[in-house]
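Subject: Handover of a structure, with notes on what was found

Dear colleague,

Please look through the sequence and the structure before you read on.

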Amino acid sequence: MTHKTEKFRFTGSNGQKLDGRLERPIDGQIRAVALFAHCFTCTKSSHGATRIAAALADSGIATLRFDFTGLGGSEGDFADSGFSANVQDLVAAADALRDHGPEFASSSAPQLLVGHSLGGAAVIAAAEFIPEVRAVATVGAPHMVDHVLEQLGTQLAEVESKGEAVVKLGGRDFHVTDHFVNQMRGQPQSERLAKLTQPLLILHAPDDAIVPFSEAEAIYADAAQPKSLVTLGNADHLLTRDGAAQNVAAQIAHWADGYLDAAPPIENDLDAGLVHLASIGNTFTQLVQTPDHQWLADEPRSFGGDNLGPTPYDLLLSSLGACTAMTLQMYAARKKWPLTHVEVTLEHSREHKADCEDCNNTQNRVDIIDRVIVIEGDLDADQRKRLLEIADKCPVHKTLTNKVEINTLQG
């Protein structure tokens, strides 16, 4: 995880306080801002909302997920809400983000709208009211808004005849009025799709048991170009299957690359060959920077860290592993040998060695690195043997096995 979660409360369209969470990259390198709309009667804490927002943040897209009026931690009465109110809430959320401050990439206002199920229909309707939006993505969304009324079943007739009823949805009781039902009907989604100027990504599972795939096909048919329809192979409607929500977020982030601002360049004055680390957060997390790259290092939670990045020894082993693989590939290329794939697995340990003459500790412990190399390709036995010998000649291997002097200076 390379993101952090912040509370984000703002005023909705009717003056009520809406409760949200802003997921943002922990290192501050924000390339764009997204606004996420959750599914019908869900909340910002639903499986899909939390995982999609987190995965988008990990890709550099700060994402706000919030509870619609009358749901979760937001104020208001669910019975007084409805589709139009959801759209107004999204516009209010965009306004709040726009006013949030200049610390985001090019603008705090959302450039990407993502909606799940009924939230997908809501972001299509809200897009025209948020001028900064450059791309819209829907997940398991219905074509027509009133499709959601099918979830009311036989209780829909009771609402229509009595004007209101307590309806059980997803195991919870909701007070539903005819005002709510009427808001779901007569929504001009076909017209909205036809005049949608932003690129549209439609993601839908072929075996979605709540919103059939035919709804996605209808959205695609009505939408103006540019548009894309992607089938989700291993996904249920609520994205609860392992990896489904993360896969959705990865596809959205990759698709949006062509429409969002590029990631801001890393700004530092490091010269080539220098590595700089700085503590961030409240525990052990370190921001590691080179002239062109940056990443996090940390300790696992079992050691008191936040587990936001690899440990120092993970980084040490990865340096040796990367150098090993690269050296083999360069050597094979120079020899024109048919090496097609290299895998390196490493493990570090400390072992007691009774007759250790070179140990620099009183416990006579020696550091051991076990390295397993898998070499693939149409290579003969002599070539494979030579490549394993070459592995010991990679520069990092030589550095680790050489006498190393570390000079510590005060900056």
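Predicted model: local features only at pLDDT ≥ 70, side-chain atom pairs only at ≥ 80, totals over all residues.

Other salt bridges

In the whole structure, a search finds 14 salt bridges. One of them joins the side chains of Arg 31 and Asp 257, with 2.9 Å from N to O. Because Arg 31 sits in the loop between β2 and β3 while Asp 257 sits in the loop between α8 (244-256) and β11, this pair ties together parts that are 226 residues apart in sequence. Arg 31 counts as buried, at 9% relative accessibility, whereas Asp 257 is partly exposed, with a relative accessible area of 40%.

A further salt bridge is formed by Glu 128 and Lys 195, whose closest N and O atoms are 3.9 Å apart. This pair also links distant parts of the chain, since Glu 128 is in the loop between α3 and β6 (135-139) and Lys 195 is in helix α6 (residues 189-195), 67 residues apart. Lys 195 counts as exposed, at 52% relative accessibility. There is also a network of salt bridges, which links Arg 9, Asp 19, Arg 21, Lys 44 and Asp 67.

Nonpolar cores

The largest nonpolar core has 44 residues, and the members that touch the most others are Phe 10, Leu 35 and Leu 90. Among the elements that each supply at least two residues of this core are the strands β1 (3-11), β2 (17-25), β3 (32-37) and β4 (61-66), and the helices α2 (83-98) and α3 (118-126). Helix α2 gives the most to this core, with nine residues. If neighbours within four places in sequence are left aside, Leu 90 is in contact with Leu 35, Ala 37, Phe 66, Phe 68, Ala 122, Val 123, Ala 126 and Ile 130. A second, separate core has 27 residues, including Phe 36, Leu 112, Ala 244 and Trp 255.

Pockets and cavities

The second largest pocket has a volume of about 460 Å³. It is lined by 16 residues, of which Val 275, Leu 277, Pro 312, Leu 315 and Leu 316 are the closest to its centre. The largest share of this lining comes from α9, with four residues, and by class the lining of the second largest pocket divides into 11 nonpolar, three polar and two charged residues.

As for cavities, the count comes to three of 30 Å³ or more, and the largest cavity has a volume of about 80 Å³. Of the 12 residues that line the largest cavity, Phe 40, Thr 41, Phe 68, Leu 71 and Asn 86 are the closest to its centre. The lining of this largest cavity has seven nonpolar and five polar residues, and no charged residues.

With best regards

Definitions and conventions
Residues numbered from 1 in each chain as written. Heavy atoms only, no water. Core = buried A, V, L, I, M, F, W, Y, C linked by side-chain atoms within 4.5 Å. Buried < 20%, exposed > 50% of the residue type's maximum accessible area, 1.4 Å probe, protein only. Contact = heavy atoms within 4.5 Å. 1 Å grid on protein atoms, 1.4 Å probe; cavity = no way out; pocket = protein on both sides within 12 Å on 5 of 7 lines; lining within 4 Å. Points joined across faces, edges and corners; volume = space filled by probe spheres on them. Nonpolar A, V, L, I, M, F, W, Y, C, P; charged D, E, K, R; others polar. Salt bridge = Lys/Arg side-chain N within 4 Å of Asp/Glu carboxyl O.
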